[in-house]
Amino acid sequence: MKRVIKNSIVLLALITLITSCDKSKRKPNLQYMPNMYESVSYDTYGENSIYSNNMASRLPVEGTVARNSELPYEYENTIDGYKLAKAELKNPLDSTKIDFKKGKKLYDIYCISCHGKKGDGQGELVKREKFLGIPNYKDRDITEGSIYHVIMYGLNMMGSHASQLTEEERWQVVAYVQQLKNN
Amino acid sequence: MKSVKKHNLISRLTLSSLAFLFFFSINLSAQGDAAKGKKLFNANCAACHKLDKKVVGPALGGVTEKRDNAWLKAWIKDNAAFQKVDADAKEAAAFSPASMTAFPQLSDQDIDDILAFTSAPPVKKVVKATTDNVESTNKPENKDNTLTYILGAIMFVMLLMIYNLYRTVIEMKDDTKSKNLSEQLKSVCDAFKANKFLHFLLLIFFTLLGTWFVFSWLFQVGVDQGYQPIQPIKFSHKIHAGDNKIDCQYCHSSAKHSKTSGIPSANVCMNCHKNISEVAEDTKIVLDGITYGKEALDKEIQEKLYTAVGWDADKLEYTGKTQPIEWVRVHNLSNFVYYNHSQHVTVAGFKCQKCHGPVETMDEVYQFSPLTMGWCINCHKDSEIDMTENGYYKKIHEQLANKYGVEKVTEAQMGGMECGKCHY
């Protein structure tokens with residue numbers, strides 16, 4: 001009899017122990033060896049209290065050009081810069097390097113929400129009346145230079161998409177946008 | 001004199017009637033169809049103008065009170081040409097360094113429609129009382145239940161035995177009615193004490209139960225499935241990726257090239273939120289059982305986002321004072337394993353949802369997958385390599401397929417189970 005009581009007490013204790021674990025998922029779980037799980041070096045997006053804003057990630061010094069990367073974009077973010085780019089900036093990718101499949105894939109990620117599948121300005125955000133007044137590419141006088149310039153800096157309510165696309169990707173998108181305009 | 005008077009009267013009458021007609025005709029011409037105008041406004045003007053707020057161009061609500069109809073028509077059709085002949089137009093152009101697009105394609109009637117829309121009183125949307133239930137998120141459960149079944153079966157056998165014992169005792173004594181409950185129980189206990197096999201079963205039962213508890217506890221250490229930290233901004237993936245169908249990679253743009261999928265920098269938020277400073281009337285999200293409506297969510301944009309990115313919503317310019325948004329990372333892979341997003345997103349072409357679950361339905365993101373090694377390996381074993389359109393690796397793919405005697409090579413057969421692939 002005593003043993004039964006003893007056993008059931010142990011069982012009860014075990015059940016309470018298990019069920020009383022913090023079930024709210026707001027805090028990370030216990031880890032076996034935290035110092036193996038978490039890096040000593042500063043992680044991407046980590047904190048570093050040395051800097052005033054606590055961000056471990058730093059911006060490169062102004063004017064830095066990374067190896068194997070694009071050179072600075074010379075046209076200014078002004079109306080004159082736009083006109084200049086529109087007139088003289090040409091796509092450095094030749095016909096062998098332009099990949100419409102790739103351009104479409106990128107367009108479908110970065111442009112389609114507003115400009116729509118066909119470039120007619122009927123994207124999902126326009127249909128839902130979040131973003132309005134997106135023109136049809138066909139109605140606008142745009143050149144490869146001006147398209148690239150607008151991807152770099154944005155125009156009016158459109159923001160810059162330079163941080164989301166590399167130089168080569170931007171030109172692929174430009175080629176695809178031109179295809180949409182001309183078809 | 002009389003005749004003159006008469007003449008005067010006639011001329012007056014004609015004049016006044018003309019004036020009346022003129023007035024009426026102007027009124028007529030200024031009358032447009034506001035509903036049509038709304039469509040035209042949204043298609044042509046709304047990129048730079050709002051009715052109640054300055055954006056790229058000035059607010060256009062009630063613009064007909066400031067400028068007359070003819071002036072507006074001339075301006076809209078070709079403002080650059082109009083600036084050369086009209087001083088007011090030149091002044092108006094100084095509003096912004098950005099010049100307005102010419103709209104020669106709009107007819108007079110179109111412009112009247114648009115102007116009718118701008119001067120029409122704003123229509124208040126009727127907010128429907130929505131009674132949609134908050135769907136409980138189905139988290140995957142695929143635990144191995146064999147042990148539970150075994151324990152249940154043992155428990156069942158034991159209960160059956162106890163019941164049988166009890167019945168035997170009753171039958172043997174055959175005088176149950178005269179005895180009270182405590183005596184009955186006592187007799188059962190006595191019988192239990194005497195039964196050695198029951199003791200043995202009980203021992204096995206508690207050993208197995210104890211092992212099960214201990215092991216299941218040990219196995220969940222370090223596994224954060226379902227982890228759902230509180231984020232600094234009430235950002236809903238459901239609204240952005242679900243309702244508005246924005247591609248995951250629009251914001252997480254580094255997933256295609258880099259190890260990390262990237263927490264989007266706030267300039268990416270501002271690509272849309274420069275324009276969208278408030279949410280729609282009936283937007284709401286539910287966090288921790290509390291519903292947050294338009295009022296609370298507008299603050300998230302106007303106070304938290306605009307402060308972080310340093311955007312002055314009145315002057316429409318950046319102040320240069322920024323502060324980082326301290327998002328809490330949900331998916332924390334331990335540091336001794338290497339994982340690369342671009343390898344899975346760009347090379348394998350997986351959808352983000354394969355590992356992250358239905359993020360587009362989550363108001364608040366939680367960790368969907370266990371992120372354990374067994375989970376990685378299972379996927380590597382199951383995922384077949386796309387060997388078409390990959391001329392560079394054609395030969396090695398063929399050789400591997402021959403080696404394993406299969407038609408399609410899986411990731412594990414490609415070396416995706418080598419320790420050093422992920423642990424180094």
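Predicted model: local features only at pLDDT ≥ 70, side-chain atom pairs only at ≥ 80, totals over all residues.
**View 1. Chain A is built from eight helices and zero strands.** Along the sequence, the chain A pattern reads α-α-α-α-α-α-α-α. Chain A has 183 residues, and 33% of them are buried. Among contacts in chain A with a separation of 6 or more, 51% join residues 24 or more positions apart.

**View 2. The interface of chain B and chain A buries about 5300 Å².** Carbon and sulfur atoms give 56% of this buried area. Of the area that chain B buries against chain A, 10% comes from B:F213, B:Y250 and B:N271, which is more than any other three residues supply. In terms of contacts, 67 residues of chain B meet 54 residues of chain A.

**View 3. Polar contacts and salt bridges link chain B and chain A.** Between the two chains, 22 residue pairs are in polar contact, counting pairs with both residues at pLDDT 80 or more. Three salt bridges are found across the interface. A salt bridge joins B:K256 and A:E169, with 4.0 Å between the closest N and O atoms.

**View 4. Helices of chain B contribute to the side that touches chain A.** At least two residues each are supplied by α2 (34-45), α9 (181-194), α10 (196-220), α12 (248-251) and α13 (266-273) of chain B. The most is given by α10(B), with 10 residues. Sorted by class, the side of chain B that touches chain A holds 33 nonpolar, 21 polar and 13 charged residues.

**View 5. A:M158 sits in a loop of chain A, between α7 (144-153) and α8 (167-182).** Beyond its neighbours within four places in sequence, A:M158 is in contact with A:H115, A:V150 and A:I151 of chain A, and with B:K274 of chain B. A:I134 is 24 residues from A:M158 in sequence, and their C-alpha atoms are 9.4 Å apart in space.

How values were computed
Residues numbered from 1 in each chain as written. Chains lettered and ligands numbered in written order. Heavy atoms only, no water. Contact = heavy atoms within 4.5 Å. Buried area = accessible area lost by both parts, 1.4 Å probe. Salt bridge = Lys/Arg side-chain N within 4 Å of Asp/Glu carboxyl O. Polar contact = N/O pair within 3.5 Å; in protein donor to acceptor, adjacent residues only side chain to side chain. Helix = DSSP H or I, 4+ residues; strand = E, 2+ residues; numbered from the N terminus. Nonpolar A, V, L, I, M, F, W, Y, C, P; charged D, E, K, R; others polar. Buried < 20%, exposed > 50% of the residue type's maximum accessible area, 1.4 Å probe, protein only.
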